[in-house]
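Please look over the model below together with this briefing, which is grouped by topic.

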Amino acid sequence: MRDAFDALFAPASVALVGASDDASRIGGRPLRYLREAGFKGRVLPVNPKRETVQGLPAYPSVTALPEVPDTAILALPAAATLQAVEECAAKGVRSAVIFSAGFAETGHEGEALQARLTATAREAGMRLLGPNCLGVFNPALGYYGTFSVILDREMIAPGPVGIVSQSGAYGAHIAHLARARGLGISQWITTGNEADIDVAEALIHMVRQPDTRVVMAYAEGVRDRDLFIEALETARQLHKPIVFMKTGRSAVGAAAAASHTAALAGSDGVFDAVLRQYGVHRAATTAEQIDVAYAAASGRFPAGDRVGIFTMSGGFGIQLADDLEAAGLDVAPMPEDAQKELLDLLPYASPRNPVDATAQAVSDLNVLKACVRTMMERGGYDAFTAILGTGPGSKTYADPLRKALMEALAGHEDSIRALTMSAPVEAQRSYEADGFLVYEDGSALAHALGALARFRRAFARPASAPAPMEPLSLPAGPLSEASAKALLKQAGIQFPAEHLATTPDAAVQAAETLGYPVVVKICSPDIAHKTEIGGVAVNLKDAAAVRQATDDILARAQAKAPGARIEGVLVAPMVPGGVEVIVGVTRDPVLGPVVMAGLGGIFVEVLKDVTFRAAPFDVAEAHRMLREIRGYALLEGVRGAEPADIDALAQLLSDLSRFAAAHREGVVGIDLNPVRVLPKGQGVIALDALIELEAK
């Protein structure tokens, strides 16, 4: 028996339920497309009112079909869809595509109807795509299970780009743009309301396809966190770039996303960081998504970050150099002796990098060839870029220019080649056939090359493999600070030596044992934010100060939180020096337990300088996480300050991530704030701890 999911993309037979003789209607377009594309499988139109549909024999119902099709396309109103699903299930159809809207995206009644569709299909072991989707297509087979109007004028050529989109309209739009860019498509799927098949399952299917080299994806939210992360990691291990468009950056956008397909948008900052964690490029615009996918479609990536620029205009060369550096690439200068060679050849040239051959290269292509050949032989560049302007569109100059470039680059076929030009499409295609990436805008070129370099780095690193943590028996919450620390110590988190005291005298005794100065703070499972009730006193230097602070804190707790359970006060040593950071865990509604890290104080309160990772992860990933913090240089030591113990901080983050993953069902959130990162070699100390547990 064929796999139902694979049959969606490569069916041997397909039933079109609601087939229309009018090729412009939703029920008519798929049949027209299948016939025009030369689909070799059997097509079975279902229409109780007609004996034939578009020249093919029609059947009154799914039940009356002479065979069990691999898949069924349901082009019916929402009210008639449930019966069709029931008939497909009874017939033994393995998969079905539902075009119609009017389900979970419309409210409670639609949700209930969609739930009945899902239950019916699952009971029969049938897979559903949709509802409220544009379907699926596979150009290599001429299979078009869609009613998208982008196929009205021409079909899609087979090629290396896979497309996975929750939104049918967006998926169709980027397929159209990819076609206009000269990119063929391996497979295309839109998931809509995701009654069954969701974007994560579609994504992992897509990256596993041999003909897919790069995937463009669109999502408003993710339902299956574990499968989604598995898909991202599978793509990374297979060296297949994913170029992701995730909407819901703003509060307004997030609310719109939730209502659009009943999907949870989650925290945008978390989603963004998790995409980086797995080497996915998140596009800010549709144009950027196409630009990066176009660059990655060859499956080739630069061996390093060094980029050489050839130009015949200094101004354009400087702009491209700026853009390349902004994209994280190295516009390294030519070696001094190579620069001298170029100046001997062309005294008016600027030979550093960009290599500006001036207009002389226009009139003497031997000069151009000499400059480019020297750049690639002597510069050690991993990527070659050139600014050609309108030259490739010239009737008299185009062919000699292309020939000269190819001769100059002979022997460097492994390097990435990218050009900017303004020329007719046929001129662009001729350069692409010779292995060049072609852009009209230098900034787009630079961003695309930067993405290729980041993909290379992501693909090169080994999989994050943190040792699993054995789950602990979690107590009933809420927990006091002392109880939270006792629990986290079992996960390897380090805290300062401290004592719980129930009286002022006991607090003084604890302070004498620890040594002055000390901190005294209220300890209660019912007071999460101690400073709000005046529950913390710092830098206490003698017994009198400790006794007075303890009296005052206990009194304020009684007055401001009269119902709170008071365990006493915690007496802890002052921990001087180091860099203050904040570390925490949150259970994202989409991506589950994620670890947050950022610099403390103004950096987190005002600048929101934090980053995230999905738990669990290893120490190497923790280091990459920390480098994303804009204020990371403070950890390295600035203005004479000692470097902080970044290794110890990375270990803490990894340990915390393992704890969070092991207790993903029981732990809602963790705050370690502040955390002191001591000078290198001296470790890291969490000064406060708060754990929120799932209510039992």
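Which residues are linked in a network of salt bridges? They are D268, D272, R276, R282, R461, R613, E621, R624 and E628, where a salt bridge is a side-chain nitrogen of Lys or Arg within 4 Å of a carboxyl oxygen of Asp or Glu. The model is predicted, so local features need pLDDT of at least 70 and side-chain atom pairs count only at pLDDT 80 or more, while totals for chains, interfaces and linings use all residues. Residues are numbered from 1 along each chain as its sequence is written, and side-chain values use heavy atoms, with hydrogens and water left out.

**Salt bridges between parts of the chain**

- By this rule the count comes to 38 salt bridges, one of which joins the side chains of E230 and R208 (3.5 Å, N to O).
- E230 lies in helix α7 (residues 225–237) and R208 in the loop between α6 (199–207) and β12 (214–219), so this pair ties together parts that are 22 residues apart in sequence; helices (H or I, at least four residues) and strands (E, at least two) are DSSP runs, numbered from the N terminus.
- R378 and E341 also meet through their side chains in a salt bridge (2.5 Å, N to O), and this pair links distant parts of the chain, with R378 in helix α14 (residues 365–378) and E341 in helix α12 (residues 336–345), 37 residues apart.
- R378 has 29% relative accessibility and counts as partly exposed, as E341 does at 40%, given that buried means under 20% relative accessible area, exposed over 50% and partly exposed in between (1.4 Å probe, protein chains only).

**R29 and its surroundings**

- R29, found in helix α2 (residues 29–36), is buried, with a relative accessible area of 11%.
- The side chain of R29 makes a polar contact with the side chain of D152 (2.5 Å); a polar contact is a pair of N or O atoms within 3.5 Å, and within protein one must be able to donate a hydrogen and the other to accept it, while residues adjacent in sequence count only if both atoms are side-chain atoms.

**Helix α17**

- Of the 19 residues of α17, 14 are buried, so this helix is largely enclosed by the rest of the structure.
- At the start of α17, a side-chain oxygen of D441 reaches to within 3.2 Å of the backbone nitrogen of S443.

**Strand β22**

- V538 has its place in strand β22 (residues 536–540) and, at 52% relative accessibility, counts as exposed.
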